[in-house]
Amino acid sequence: MTSPMTSPMTGPMTGPMTGPRNMAATCRLATRLFWRDKSMVFASVVTPVGLAVGMPALMRNVTGVAAATHVFQGALALLLAITAFMNVTVVLAGRRDQLVLKRLRASRLTDAQILTGQIAGTATQTVIVTVSCTLAVHLVADVPLPADPVGFAAVVIAGSAVLSLLGAAYTAAVPRAELAAAFTTPVFLVAGVSAGAMGPIPLPSWLPPVLDLLPTTAVVDAVRTGELVVPLLILAGWTLAGLAAIRLWFRWEPRRS
Amino acid sequence: MRAIEVSGLSKSHQGFPAVRDVSFEVAEGTVFALLGRNGAGKTTTVEVLAGFQRAGSGTVRVLGLDPWSDRAALRQRVGIMLQEAGFFPELTVAQTVGIWRDFTAAPRPRDEALELAGLEDRSGTRVRQLSGGEKRRLDLALALLGRPDVLFLDEPTTGMDPEARSRTWEVVRDLAGQGTTVLLTTHYLEEAQRLASALAVMDQGEIVASGGMAETLAARRGRVAFRMPAEVRPADLPLAVTLEGDLAVCRAEDPDLAAQTLLSWAAARGVRLAGLEVRTATLEDLFLDLSRSAR
């Protein structure tokens, strides 16, 4: 039996003719609310941008452009973990617990439109932040611009969307909204370590191949090597996992006990 | 034509039966009141009808649609005022209505929705600054935006001041007059009596009384009450009374006739029945009687 607190996503995944319009409306709403929330902007934009631009700028002066480039590419994992994953987890867990999601479900939006709009909004913010950081580190640390801009754009957009989707799914594991940020910290750490964003950390030999399957690592690998096929397949796998998790476990209301 | 049909609905929460074998129907363009104490199962019933919860067993149809499996289609035709739901606190009233208009096909104009809810003077106020009653009014404005065929109102006037409550009643009456079907839950029995043409009373998940409002009340006994004169004993009176403090209360199917009998008896003896009050059965009498018998 399905309890009211854990009701899975129902209704068509795509709406009728109003679907795209409603999705655009929820995306605009997500963006508008995000930029009004100063603490969220600080946590999910200022902090990761500081890391992604500040660390390469320091490295540039200490060990040179190659090291700065390597660190920046690794820092993309941090941007994805914070600006996409943590942001959407905190926002959706908060709205769930404040019964805002329940109110949105009482409107004419479908479940898919509510979530897709939020995910699209967060992914768009992440893409904007990532591109801005890429330009900034080019200016301040001489990190070269991507050799394949189209491939770079494709993998950044796909990575932002997948991490936003996974962040939405992850809210099912967050018992209360006030724990949401704390619950995303391990994800941030694992993403950073696996992408080498936190410097060389000795790991057991079996672990790196496993960490290579993380969506954040897939994006970083694609940017470093220019190889897109395997990373995009990994992201596709995570997309399916995220969609399945949302359908099975996403909670629209807080637990009542 | 029936807008809402519920047949044998049962629903449990973690093994606890919240709603048990509930059946009722609501005719199109009427107001139906679902009454009961806290925890009686009203909100669970409304949430099943609105598609938030799946029926455990039984059949539920709203405008011929299954609220759970046809939720997306049904949402286009219903308005929902939940008992408890959050807002975006940083947005103003006007911004909130504006955003909801974006989600709604052919919505009412923003100012019309605000006027219906009596919020035209609060349009620039942030939602977090609204009182509880004002938030209920904003809730109403959002529920009415899409000109719904069926309106679910779960405790709609809780926290409203008397003026806002009266205004909300007027809006609900007008909507029903224009053909909107309204399912209302409320703790204010006067509200139900004024608005609804039919009712069901729930207790411990079951319906314990239901029917047309006028017929249901007509079948109940009315009440004649007066201050018991000091020199009179209850046994002296021509009709049986119960004492409630210093009030003598006589319950009768025809309270007018009972009052005449008592007054004739008093006139013949030169006794004054001070504070005499005669009234037909109210929903409150029905509700309290049912609650007493349930205990």
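In this predicted model, chain B and chain A bury about 3,300 Å² between them, and carbon and sulfur atoms account for 55% of that area. The size of an interface is often given as the accessible area lost when the parts come together. In terms of residues, the contact joins 36 from chain B to 33 from chain A. On the chain B side, the residues that lose the most area to chain A are B:F52, B:F88 and B:F103, which together make up 21% of what that side buries.

Polar and charged groups also take part in the interface of chain B and chain A. The rule finds four salt bridges across it, along with twelve residue pairs in polar contact, both residues of each pair being at pLDDT 80 or more. The side chains of B:R71 and A:D111, for instance, meet in a salt bridge with a distance of 2.6 Å from N to O. Several elements of chain B each supply at least two residues of the side that touches chain A, namely β1 (2–13), α2 (71–75), β5 (78–81), α3 (93–103) and α5 (132–144). Helix α3(B) gives the most to this side, with five residues. Sorted by class, the residues of chain B that touch chain A divide into 16 nonpolar, nine polar and eleven charged.

The area buried between domain 1 and domain 2 of chain B is about 960 Å², with 79% of it given by carbon and sulfur atoms. Of the area that domain 1 buries against domain 2, B:R37, B:L189 and B:L217 supply 48%, more than any other three residues.

What does the rule find across this domain interface in the way of salt bridges? Between domain 1 and domain 2 of chain B it finds zero salt bridges, and likewise zero residue pairs in polar contact with both residues at pLDDT 80 or more.

One salt bridge within chain B is formed by the side chains of B:R2 and B:E25, at 3.4 Å from N to O. This pair links distant parts of the chain, with B:R2 in strand β1 of chain B and B:E25 in strand β2 (residues 16–27) of chain B, 23 residues apart.

Aromatic rings provide a further kind of pairing, and the count comes to six aromatic pairs over all chains. In chain A, A:F85 and A:Y170 form a tilted aromatic pair, 5.1 Å centre to centre and with 50 degrees between the planes. Because A:F85 lies in helix α3 (residues 65–97) of chain A and A:Y170 in helix α6 (residues 149–170) of chain A, the pair ties together parts that are 85 residues apart in sequence.

Technical notes:
Residues are numbered from 1 along each chain as its sequence is written. Chains are lettered from A and ligands numbered from 1 in the order in which they are written. This is a predicted model: local features need pLDDT of at least 70, side-chain atom pairs count only at pLDDT 80 or more; totals for chains, interfaces and linings use all residues. Side-chain values use heavy atoms; hydrogens and water are left out. Buried area is the accessible area (1.4 Å probe) that two parts lose on being put together, summed over both. A polar contact is a pair of N or O atoms within 3.5 Å; within protein, one must be able to donate a hydrogen and the other to accept it, and residues adjacent in sequence count only if both atoms are side-chain atoms. Contact means heavy atoms within 4.5 Å. Helices (H or I, at least four residues) and strands (E, at least two) are DSSP runs, numbered from the N terminus. Ala, Val, Leu, Ile, Met, Phe, Trp, Tyr, Cys and Pro count as nonpolar, Asp, Glu, Lys and Arg as charged, and the others, Gly among them, as polar. Rings of Phe, Tyr and Trp (its six-membered ring) pair if their centres lie within 6.5 Å; planes under 30 degrees apart count as stacked, over 60 as edge-to-face and the rest as tilted.
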